[in-house]
Amino acid sequence: MRYGKNEILIITFGWVQNEAGMKAYVVARNSTVVLWDFENPVIYIKSASQQKAFVFSR
């Protein structure tokens, strides 16, 4: 993602319960969240731009 001089990248961390929890986790615009699954050995990275949300998992 490219960010202009007036945009801020926000990265947060959290815990979710399986992939369904990751899909339900709300991400603010221009943000990325790293989510640890406490039931499985998986880390999800979920991002959102101004227009669309992107999900990268495992």
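Trainee: Where does Asn40 lie, and what makes Asn40 count as partly exposed?

Mentor: Asn40 lies in the loop between S2 and S3, where strands (E, at least two residues) and helices (H or I, at least four) are DSSP runs numbered from the N terminus. Buried means under 20% relative accessible area and exposed over 50%, with partly exposed in between (1.4 Å probe, protein chains only), so Asn40, at 37% relative accessibility, counts as partly exposed. This is a predicted model, in which local features need pLDDT of at least 70 and side-chain atom pairs count only at pLDDT 80 or more, while totals for chains, interfaces and linings use all residues. Residues are numbered from 1 along each chain as its sequence is written, and side-chain values use heavy atoms, leaving out hydrogens and water.

Trainee: Why is the pairing of Lys23 with Glu19 called a salt bridge?

Mentor: The term requires a side-chain nitrogen of Lys or Arg within 4 Å of a carboxyl oxygen of Asp or Glu, and because the closest N and O atoms of Lys23 and Glu19 are 3.7 Å apart, the pair qualifies. The structure holds one salt bridge.

Trainee: How do you know that Lys23 and Glu19 are separated by about one helical turn?

Mentor: They are four residues apart in helix H1 (residues 18-24), which means a separation of about one helical turn.

Trainee: What makes Lys23 exposed, and what does Glu19 count as?

Mentor: Lys23 has 58% relative accessibility and therefore counts as exposed, whereas Glu19, at 31%, counts as partly exposed.
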